[in-house]
Amino acid sequence: MEIEIIKGSILDIDAEAIVNPANSHGWMAAGVSAAIKRIAGVDVENEAVNKGPIPVGSAILTGGGGTKFRSIIHAPTMFSPIEKIGPGNILKAVVAALKLADESGYSSIAFPGMGMGRGGVDPESGTKMMINTIRSFQTTSLKKIILVDIRDDIVVAWKRFDNLWRSFDNSS
């Protein structure tokens, strides 16, 4: 599975679906969720809220709304909005999003820095959790994962850790 790392907006990426680092209520009021809602529209938020509560460690699909994406995968990293979390919540959310995307037959999805904004996880810890989880995931349909964020510190950490991961994997 290919991982591409990009600095920019998740809304500008070419992928079948994007991942929203949601809260269990499905509210899209802050951070990446609010940015997605501005383009996708309130109907996407209403659909997520109606499918909730969404436990941390699970994920749901909604339509893409006004975005160009087939779907938005809502994978909660926290129960309530703007709740401080630990890296374990990132692991649970990333696994849930990967499983749902794979089961839905998607070949490409994009993730922002899960839990590293409003969730308060430092980019170094969050990056290790995301890359390790993605690299060890056994897929049947996913071919490409795009990691995209507007924050330099997250993008730099992703690139550094993924390079370490690949160099270790190639030396085995």
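Trainee: Where is Pro-53 placed?
Mentor: In this predicted model, Pro-53 is in the loop between helix H2 (42-51) and strand S3 (60-63).

Trainee: And what joins Gly-52 and Pro-53?
Mentor: A cis peptide bond, with omega at about 0°.

Trainee: Switching to the core. Which residues of the largest nonpolar core touch the most other members?
Mentor: Ile-109, Phe-111 and Leu-147, out of 34 residues in that core. Elements that each supply at least two residues include strand S1 (2-7), strand S5 (108-111) and helix H5 (152-171). The largest share, eight residues, comes from H3.

Trainee: What is Phe-111 in contact with, leaving aside its neighbours within four places in sequence?
Mentor: Among others, Val-19, Val-94, Leu-98, Met-130, Leu-147 and Trp-158.

Trainee: Now salt bridges. How many are there?
Mentor: The count comes to nine. One of them pairs the side chains of Glu-4 and Lys-144, at 2.7 Å from N to O. Glu-4 is in strand S1 and Lys-144 in strand S6, 140 residues apart.

Trainee: Which residue forms a salt bridge with Asp-162?
Mentor: Arg-135, with the closest N and O atoms 2.9 Å apart. Asp-162 lies in helix H5 and Arg-135 in helix H4, 27 residues apart.

Trainee: Is Asp-162 buried or exposed?
Mentor: Asp-162 counts as buried because its relative accessibility is 3%, and the cut-off for buried is under 20%. Arg-135 is partly exposed, at 21%.

Trainee: What does Arg-160 meet in a salt bridge?
Mentor: Glu-124, at 2.6 Å from N to O. Arg-160 is in helix H5 and Glu-124 in helix H4, so the pair ties together parts 36 residues apart in sequence.

Terms used:
Residues numbered from 1 in each chain as written. Predicted model: local features only at pLDDT ≥ 70, side-chain atom pairs only at ≥ 80, totals over all residues. Heavy atoms only, no water. Core = buried A, V, L, I, M, F, W, Y, C linked by side-chain atoms within 4.5 Å. Buried < 20%, exposed > 50% of the residue type's maximum accessible area, 1.4 Å probe, protein only. Helix = DSSP H or I, 4+ residues; strand = E, 2+ residues; numbered from the N terminus. Contact = heavy atoms within 4.5 Å. Salt bridge = Lys/Arg side-chain N within 4 Å of Asp/Glu carboxyl O.
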